[in-house]
Structures are given as C-alpha cells and as structure tokens.
2 protein chains.
Amino acid sequence: MPRKPPVIHATRLVDASRFLRVEQVDLEFSNGERRTYERLKGSGLGAVIIVPVRDAETVLLVREYGVGVNRYELGLPKGRLDHDETIEQGADRELKEEVGYGARELRVIGRLSLSPAYMTHETYVVLAQDLYPERLPGDEPEELEVVPWKFAELHKLLGREDVTEGRSIAALFMAREYLAGRFRPA
Amino acid sequence: MPRKPPVIHATRLVDASRFLRVEQVDLEFSNGERRTYERLKGSGLGAVIIVPVRDAETVLLVREYGVGVNRYELGLPKGRLDHDETIEQGADRELKEEVGYGARELRVIGRLSLSPAYMTHETYVVLAQDLYPERLPGDEPEELEVVPWKFAELHKLLGREDVTEGRSIAALFMAREYLAGRFRPA
C-alpha cells in the first residue's frame, strides 16, 4: 500500500537560503552581444546519483518523498558529497544509508548537470556493483522502500506519474548502455 | 570550429532574484517525524523540452552556451512557457526560435522534474514531427548551431564532456522508446 504523503503544516517564503546562492554574470558573446544572466550556485562539493546493480538484470530503485514535487517519487538513490570523501566513498555511504547495501565495486560512468542555463550543480553517476547488505543511519525522516526493477523494462518506468526525475531516467539508460558495452566513460 | 565561449566581465552575488524564490516547508511524515525543508519555486508556467524529429532516424540537437556550467552544451531545445499559450504552442515557438523549424505534429510524451527533493520545476517533453522551415526571432544572444544526430547512436552522446543535461538525455531516450512503440504516454 502506498505511504501517505507527509502533512504540510506551514510554508513561508524566505529571503536567504541555507544551500543556494544567486549570482549575476555579465557576459559578452563572441559576436559582441552582451547579456546579464542569473545562475544558482550549488554548495560546491557536488552530488552523486547511484545505480545499484543487484544482478546483471536488476537495478534497485527507491521510493522517496520529494518536497519539491510534493509526492513520492520512484528513482535512484542520491545525495550530496560530504567533506573529506571521494565521489566513490560518498556514493557508497549514500547507498548504505538509503538502500541498505554497500558495494565492492564503484565506478563513475558520467556526470549530469541539472540545468546548464542557470544552475552550476553537477551530479556524478556512479555504478555500484557487487553489493552486500550493510546499513548506515542517515538523515532520512523514514526508511525508504526499495523497489527492484529489470533493466530490460526501463520503458515501463516512462509512463508513470511518479517517475519524472531527468537525472534518474538519464542515469538508468546510461547504466544500461554501459552494461551492454555500448559506451565507455571518457 | 567550436565557438569561443563568452567572456565573463563580472559576477556578483545577489540577495533577490528575478526568477527564483525560496520557500520553507514544515512537514510531518506519516511516522510522526518532523522536518523543515527548503524548496525552490519555479515561475509557475512550466517549461518545455522539445525532441525535433527530422526523419524517422534523426533528431535535431542544438549547441547552446549555458552560463550555469559556463560551456557550450549539446542538447535539446527548450524554454519557458509564455502566458496565453498551450504546451504545444510554446514548444512550436521555441522550435522556431532556436532551431528554425515549425512542426505540424506536436505531442506531449512526458513530464520531467529537475530535482524532486528541492525544486518545484516541471518540464514537458514534446515530440515534434513533420517539420517545415520557419524561423521566429527569439531572445538568444546568438544563432544556435543545429546538429543532426541519429537515434541509433544516442549511446555516442553519453561519453561526451558537452552532453550532461539530465533532462536532454532522458527526453532523447524517452523519444526513442516512444518511436519504437515501447511506451505510450498515460
């Protein structure tokens, strides 16, 4: 049975954000055109999105509430990198916190931007293989439901109302192409 | 020859933004856990990302400078919806402005979120078919280079340093699955 979404007790607009800063940039293009654009600056350490490969045919998805869209979304585990950890270490930590597995094999297969036009954020796509059960306590308000999915059935995710995140969909197809040997990271 | 990226004359942090608002949300999860999260509120009208299908095998990409990542990115045309236009009309307008084509057939095949965890933004994925040449003046500082690409070679985009946008990659694979008859929008 699907979980009940959280109750929203209050919302308020704020002037400053703990984790987002807005920067104006004065630009001159090679044809002499000038523009001032705004961009959002991320926290700087970057983020990871993890493709946990349970076996050659199966990826592990999580169902997580997102306050941005105010619904439970089915997608890949992800999170921000902490200080003093590599991309692979951050991916392994998030995997243990959100999915309850560690990985003996971690490989960065790509890098995704959120919106090249106005966000500096970049997310590393990390393929996690050779999994073993291990859980770390995270800052999630509730345990995430883990949903195994067949790589051969990614197309069945596309029509769903609760599968909308560009990065998750992109990373899943990237992983499938990678596992099929059709692309190698630079 | 690749274009020279624009010169950055100045950058400055600003407190208020023309198009970004931050909202705090007080939440209570079904297990009683309480959290206050921040989310970015989009402009409300939403955005479109267009998959321009030139012929059964070929999609038209554009090369556009993005100040967020400070480089030219190869991806799909996109833009924000204006007042008083439908999703299809907005997609057709952006297509004419950025690619120099109109489309006789426009179909919404999906909806992508940027970051479910902290952004309200949603982008409609619009498949544009039966194209004909027509250009509308846009607000772009320079004409965009149009790059035809084979649907059969999407995997060759994945290793590239200048192809990183999650929404573009997701929308391209969605379109390929749709055109192959493997998924139908709800």
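This passage describes the relation between two chains of a predicted model and the surroundings of selected residues. Local features are reported only at pLDDT of at least 70 and side-chain atom pairs only at pLDDT 80 or more, whereas totals for chains, interfaces and linings use all residues, and side-chain values rest on heavy atoms, with hydrogens and water left out. Residues are numbered from 1 along each chain as its sequence is written, with chains lettered from A and ligands numbered from 1 in the order in which they are written.

Two copies of a chain are related by a rotation about an axis and a shift along it.

Thr164(A) lies in the loop between helix 2 (155–158) and helix 3 (166–179) of chain A; helices (H or I, at least four residues) and strands (E, at least two) are DSSP runs numbered from the N terminus. With a relative accessible area of 1%, Thr164(A) is buried, a class that means under 20%, as against exposed at over 50% and partly exposed in between (1.4 Å probe, protein chains only). Its side chain forms a polar contact of 2.8 Å with that of Glu73(A) and another, of 2.7 Å, with the side chain of Ser113(B). Such a contact is a pair of N or O atoms within 3.5 Å; within protein, one must be able to donate a hydrogen and the other to accept it, and residues adjacent in sequence count only if both atoms are side-chain atoms. Apart from residues up to four places away in sequence, Thr164(A) touches residues of both chains, including Arg71(A), Ile169(A), Arg111(B) and Leu112(B).

Most residues other than glycine have a negative phi. In chain B, Asn70(B) has a positive phi near 55° and is placed in the loop between strand 5 (58–66) and strand 6 (71–75), where its relative accessibility of 36% makes Asn70(B) partly exposed. Asp130(B), also not a glycine, has a positive phi of about 55°, but belongs to strand 9 (residues 122–133) and is partly exposed at 42%.

Key. Contact = heavy atoms within 4.5 Å.
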